[in-house]
Amino acid sequence: MATPQPHLTSETKTVRVVIKGMVQGVFYRDWTIENARELGLKGWVRNRRDGSVEALFSGSPHSVHEMEQRCRRGPPASMVTGLQVFPSDDDPGTGFEKKPTV
C-alpha cells in the first residue's frame, strides 16, 4: 500500500488594493516592493493621479492577508486613511515591480 503524500496546497490568492491617504512622496511604493518580496508575493505597485497608490498582490492566502495588514500601516512617513481590497483575476507576472502612474 502506498504511503499517502502530505497535501501540498497550490492555492493562490490575488487581490487589487487601493491605498488612500498621505501615500505618495513617502516611499510607499518602494516600501511595498520590499515587503511584497519579503513575503514571496508577485504583482506590482503604482501611483494613481488621484493621489492614491494601487497594487496587485498574488501568493499564498496567508501572505496576501499579511501584506494587506502591512499596507494598512504603511511606511513610517505615510498616513493611511483608507484601504480597499478587491478580488482579482489579473496576471501578477513573475516577480514584484513598480509600474508607471495611471
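A polar contact of 3.1 Å joins the side chains of S63 and S60, a polar contact being a pair of N or O atoms within 3.5 Å in which, within protein, one must be able to donate a hydrogen and the other to accept it, and residues adjacent in sequence count only if both atoms are side-chain atoms. The model is predicted, so local features need pLDDT of at least 70 and side-chain atom pairs count only at pLDDT 80 or more, while totals for chains, interfaces and linings use all residues. Residues are numbered from 1 along each chain as its sequence is written, and side-chain values use heavy atoms, with hydrogens and water left out.

S63 lies in helix α2; helices (H or I, at least four residues) and strands (E, at least two) are DSSP runs, numbered from the N terminus. S63 counts as buried because its relative accessibility is 11%, where buried means under 20% relative accessible area, exposed over 50% and partly exposed in between (1.4 Å probe, protein chains only). Leaving aside neighbours within four places in sequence, S63 is in contact with L39 and L41; contact means heavy atoms within 4.5 Å.

The mean pLDDT of the chain, the predictor's confidence in each residue from 0 to 100, is 92, and 90% of the residues reach 70 or more. Over residues 2-9 the pLDDT is below 50, and this stretch has zero contacts in the model beyond near neighbours in sequence.

Two helices and five strands make up the secondary structure, in the sequence pattern β-α-β-β-α-β-β. The five strands form an open sheet with mixed pairing, in the order β4-β1-β3-β2-β5; two strands pair if DSSP finds at least two bridges between them. At the edges are β4 (79-87) and β5 (96-98), each pairing on one side only. From one strand to the next the twist averages 15 degrees.

Strand β3 is largely enclosed by the rest of the structure, because seven of its seven residues are buried. V53, A55, F57 and G59 point one way from β3, whereas E54, L56 and S58 point the other way. Seven bridges join β3 to β1, and these two strands run antiparallel; V18 stands opposite E54 in β3. Strand β2 (residues 42-47) also pairs with β3 (residues 53-59) in the antiparallel sense, over six bridges. Here W44 stands opposite L56, and K42 stands opposite S58. β2 and β3 form a hairpin with five residues between them, and G51 in the turn has a positive phi of about 95 degrees.

Both helices meet the sheet. Helix α1 (residues 28-38) lies across β1 (13-22), β2, β3, β4 and β5, running at about 175 degrees to β5; axes are lines fitted to C-alpha atoms, for helices over the stretch in contact, and angles run from 0 to 180 degrees between N-to-C directions. Helix α2 (residues 61-73) packs on the sheet, touching β1, β3 and β4, and its direction makes about 155 degrees with that of β4.

In α1 the buried residues include Y28, W31, T32, I33, N35 and A36, and their cover includes β1, β2, β3, α2, β4 and β5. α1 is followed by G40, whose phi is positive, near 75 degrees.

For the chain as a whole, buried residues make up 40% of the 102 residues. Among contacts between residues at least 6 apart in sequence, 78% join residues at least 24 apart. The C-alpha trace spans about 60 × 25 × 20 Å along its principal axes.
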